[in-house]
Amino acid sequence: MTGPTTDGPNTHGSKPPVVDVRQLLDPELRPVLGAFDLPTFDAETIATIRSSQFPAPELSDAVVRTDHEVPSRVAGDPPVPVRVHRPAGRKGRLPAILTIHGGGYVIGSYVMDDAMLDRWCPALGIVGVSVEYRLAPETPYPGPLEDCYSALYWAHEHAEELGIDPAFIGTYGVSAGGGLAAALGLLARDRGEVPLAFQLLDCPMLDDRQTTPSIGDAGLYLWTAASNDFGWRSYLGARFGTDDIPSYAAAARSTDVTGLPPTCVVVGSIDGFRDEDVEFAGRLNQAGVPCELHVIAGLPHAYLLVPAAAAVQLAEHCKEHWLARQLDRHAAR
């Protein structure tokens, strides 16, 4: 495990102290994130962000991209936009990764995955399938999750025409996308239609209860406790604050994590999601699921806004090295 983890249980029965994470931010990130003034997420904030077009990244010609409209597995739901990324010139059936973008369940687009898959597809020899799931609060749970499942099911069913090995499809999700990826792992396991080869969870948003010490830390960067509360309220709708929260809605609530695929969890030490992510990774290992956990010191949520920083590069290396090792299993088959 890279970097520090949280302390063990408090044996004195008292609450752990609130930590001001502003003093713990990695120095290389301070010039950017230290001056980054992001308002608390609410209906007005997301309307403003959604009205701004996501900047198109500069992409190489090493990847061929095709857009598709995938039929929903839920009767009456609209088709799901999916973008397929394939390394140019690569023949045969390749392993694939379904990617799920972040944005607190309320903002974001699959365009956000373009640059990452522009690197990963040729470097790792994989096909990327990015999904444009519907956003909350307009579409609360289970709509976004069912969109992700429809994309996964379609990629598996159309593996031959897409040049995908149907027996080796994994998932990647960041933030809310990581929460969806974790829930999708549970859903795919229980429906038994699509076998998952692996899941890579990047600072996943897993727990609607919001009771861990890390989400209560002072000075959280970019995604605060108030924004987190808004995101969960938006995603869960009328279920929020009730006991009617299935594990498919918030994976941290799952009482059975057996049978999930090999997993990697990466999170920053000053991310509000740190404790729920560490706890989830521990439960996977206790259940016999191979799970690698990296807690990177000094990184907050949305650390990828400073891609050149050494600590960010370490997080990227952890993810890509773990992915490469999963793909070694495919090559050895």
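A residue counts as buried here when its relative accessible area is under 20%, and tryptophan 322, at 3% relative accessibility, falls in that class. Welcome to a quick tour of this predicted model. The stops are an open sheet of 8 strands, a nonpolar core whose largest example has 107 residues, and a set of 9 aromatic pairs.

**The sheet**

- The 8 strands run in the order E1-E2-E4-E3-E5-E6-E7-E8, and their pairing is mixed.
- Strand E1 (63–70) and strand E8 (291–296) stand at the edges; each has a single partner strand, so one side of each has no neighbour in the sheet.
- On average, and with direction ignored, neighbouring strands are turned by 15 degrees against each other.
- Strand E7 (residues 263–268) pairs with E8 in the parallel sense over 6 bridges, and leucine 293 in E8 is the bridge partner of valine 265.
- Helix H3 packs on this sheet, where it touches E1, strand E2 (80–87), E3, strand E4 (127–131), strand E5 (164–174) and E6. The direction of H3 makes about 35 degrees with that of E2.

**Strand E5 and its partners**

- How much of E5 is buried? The count is 9 of its 11 residues, so the strand is largely enclosed by the rest of the structure.
- E3 and E5 pair in the parallel sense over 6 bridges, with threonine 99 opposite tyrosine 172 in E5.
- E5 also pairs with E6 in the parallel sense, over 5 bridges; here valine 174 has aspartate 202 in E6 as its bridge partner.

**The nonpolar core**

- Within the largest nonpolar core, the residues that touch the most other members are Leu29, Ile100, Trp120, Ile164 and Tyr235.
- Helix H6 (residues 176–191) supplies the largest share of this core, with 9 residues.
- Tryptophan 120 is in contact with Ile97, Gly125, Ile126, Tyr172, Leu200, Glu320 and Leu323, once its neighbours within four places in sequence are set aside.

**Aromatic pairs**

- The structure holds 9 aromatic pairs. In one of them, the rings of tyrosine 105 and tyrosine 235 have centres 4.0 Å apart and planes at 10 degrees; planes under 30 degrees apart count as stacked, so this pair is stacked.
- That pair joins distant parts of the chain, 130 residues apart: tyrosine 105 is in the loop between strand E3 (94–100) and helix H3 (114–124), while tyrosine 235 belongs to helix H7 (residues 225–236).
- Tyrosine 105 is buried at a relative accessible area of 2%, and tyrosine 235 is buried too, at 0%.
- Why is the pair of phenylalanine 198 and tryptophan 322 edge-to-face? Its ring centres are 6.0 Å apart and its planes stand at 80 degrees, and planes over 60 degrees apart count as edge-to-face.
- This second pair also links distant parts of the chain, with phenylalanine 198 in strand E6 (residues 196–202) and tryptophan 322 in helix H9 (residues 310–331), 124 residues apart.
- Phenylalanine 198 is buried, with a relative accessible area of 1%.
- Ring pairs also join Tyr105, Tyr141, Trp232 and Tyr235 into a cluster.

**Charges over rings**

- Arginine 73 places its charged end over the ring of tyrosine 153, 3.6 Å from the ring's centre.
- Arginine 191 lies over the face of tyrosine 149, at 4.6 Å from the ring centre.

Terms used. Residues are numbered from 1 along each chain as its sequence is written. This is a predicted model: local features need pLDDT of at least 70, side-chain atom pairs count only at pLDDT 80 or more; totals for chains, interfaces and linings use all residues. Side-chain values use heavy atoms; hydrogens and water are left out. Rings of Phe, Tyr and Trp (its six-membered ring) pair if their centres lie within 6.5 Å; planes under 30 degrees apart count as stacked, over 60 as edge-to-face and the rest as tilted. Helices (H or I, at least four residues) and strands (E, at least two) are DSSP runs, numbered from the N terminus. Buried means under 20% relative accessible area, exposed over 50%, partly exposed in between (1.4 Å probe, protein chains only). A charge sits over a ring if NZ of Lys or CZ of Arg is within 6 Å of the ring centre and within 35 degrees of the ring normal. A nonpolar core is a set of buried Ala, Val, Leu, Ile, Met, Phe, Trp, Tyr and Cys residues joined through side-chain atoms within 4.5 Å. Contact means heavy atoms within 4.5 Å. Two strands pair if DSSP finds at least two bridges between them. Axes are lines fitted to C-alpha atoms, for helices over the stretch in contact, and angles run from 0 to 180 degrees between N-to-C directions.
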